[in-house]
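Colleague: I am new to this structure and would like to learn how to read it feature by feature. Could we go through it together, with the general idea before each case?

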Amino acid sequence: MRPSMKTRITTPAVAETCAWYRRLFGMAVAESWSEPGDVGAILAFRDGAGEALLEIYEGPAVDFSGLSLQFRVDDLEAFRRALPADLPYGGPNRRPWGSTYLYLRDPNDIMGVVFEGGY
C-alpha cells in the first residue's frame with residue numbers, strides 16, 4: 001500500500017483560495033462540488049501523481065496561526081522569477097541546514113513556504 005496525503009483548508013473564501021493555489025503552483029481542480037451546505041474543491045499538481053492533494057472546503061473562518069504549508073521545488077530562483085508581480089513574498093532566506101526558503105501568505109493568512117534543498 002502506498003499512502004497519499006490530503007490537507008483540508010476550511011474557509012469562507014473557497015474561490016479566492018483555489019485561485020491563489022492554482023495561480024501560484026499551477027494546481028488543477030481534480031474534483032469540485034457545490035451543493036447547499038457542501039461546497040469545495042480538491043486541487044492536485046498537474047503531473048497527476050496525486051501524492052499530495054489540497055481540499056478547499058467552505059466553512060467558517062478559522063485561525064490558522066502556526067500553520068504552514070510547505071512546497072519543495074527543484075529551482076527556487078526560477079520559481080521566484082515566475083511569481084506574479086503583485087504577489088508579496090519574503091526571502092529568499094538560506095536556512096542553517098542548507099535549504100533556501102521563500103515565504104508567502106494565502107488568502108486565509110496561511111504561511112506558504114516554498115523551498116529548495118533538503119526535506
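This is a predicted model: local features need pLDDT of at least 70, side-chain atom pairs count only at pLDDT 80 or more; totals for chains, interfaces and linings use all residues.

Colleague: Where is Thr100 placed, and which residues is Thr100 in contact with, once its neighbours within four places in sequence are left aside?

Modeller: Helices (H or I, at least four residues) and strands (E, at least two) are DSSP runs, numbered from the N terminus, and Thr100 lies in strand β7. Contact means heavy atoms within 4.5 Å; with the neighbours within four places in sequence set aside, Thr100 touches Leu76, Pro92, Asn93, Arg94, Val114, Phe115 and Glu116. A polar contact is a pair of N or O atoms within 3.5 Å, where within protein one must be able to donate a hydrogen and the other to accept it, and residues adjacent in sequence count only if both atoms are side-chain atoms. The side chains of Thr100 and Arg94 are joined by such a contact, of 3.4 Å.

Colleague: What order do the strands have in the open sheet that includes β7?

Modeller: Two strands pair if DSSP finds at least two bridges between them. This open sheet has four strands in the order β5-β8-β7-β6, with mixed pairing. β5 and β6 (90-94) stand at the edges with a single partner strand each, so one side of each has no neighbour in the sheet. From one strand to the next the twist averages 20°, where axes are lines fitted to C-alpha atoms, for helices over the stretch in contact, and angles run from 0 to 180 degrees between N-to-C directions.

Colleague: How many bridges does β7 form with β6, and how many with β8?

Modeller: β6 and β7 are antiparallel and share three bridges; Gly90 stands opposite Tyr103 in β7, and Asn93 has Tyr101 as its bridge partner there. Their hairpin has five residues between the strands, and Gly98 takes a positive phi near 105° in it. β7 and β8 are also antiparallel, over six bridges, with Leu102 partnered by Val114 in β8. These two strands form a hairpin with five residues between them, where Asp109 in the turn has a positive phi of about 70°.

Colleague: Why does Asn108 count as buried?

Modeller: Asn108 is buried because its relative accessible area is 13%. Asn108 sits in the loop between β7 (100-105) and β8 (111-116), and its side chain makes a polar contact of 2.5 Å with the side chain of Thr11. Leaving aside its neighbours within four places in sequence, Asn108 is in contact with Ile9, Thr11, Thr17 and Phe64.

Colleague: Which strands make up the open sheet that has β1 in it?

Modeller: Its four strands have the order β1-β4-β3-β2, with mixed pairing. The edge strands are β1 (5-11) and β2 (28-35), each pairing on one side only. Neighbouring strands here are turned by 15° against each other on average, direction ignored. Helix α1 (residues 14-25) packs on this sheet and touches β1, β2, β3 and β4, its direction making about 160° with that of β4. Within the sheet, β3 (residues 38-44) and β4 (residues 52-58) run antiparallel and are joined by five bridges, with Leu53 in β4 as the bridge partner of Ala44.

Colleague: Is Ala52 buried or partly exposed?

Modeller: Ala52, in strand β4, has a relative accessible area of 35%, and is therefore partly exposed. Ala52 and Pro3 are 49 residues apart in sequence and 9.7 Å apart in space, C-alpha to C-alpha.

Notes. Residues are numbered from 1 along each chain as its sequence is written. Side-chain values use heavy atoms; hydrogens and water are left out. Buried means under 20% relative accessible area, exposed over 50%, partly exposed in between (1.4 Å probe, protein chains only).
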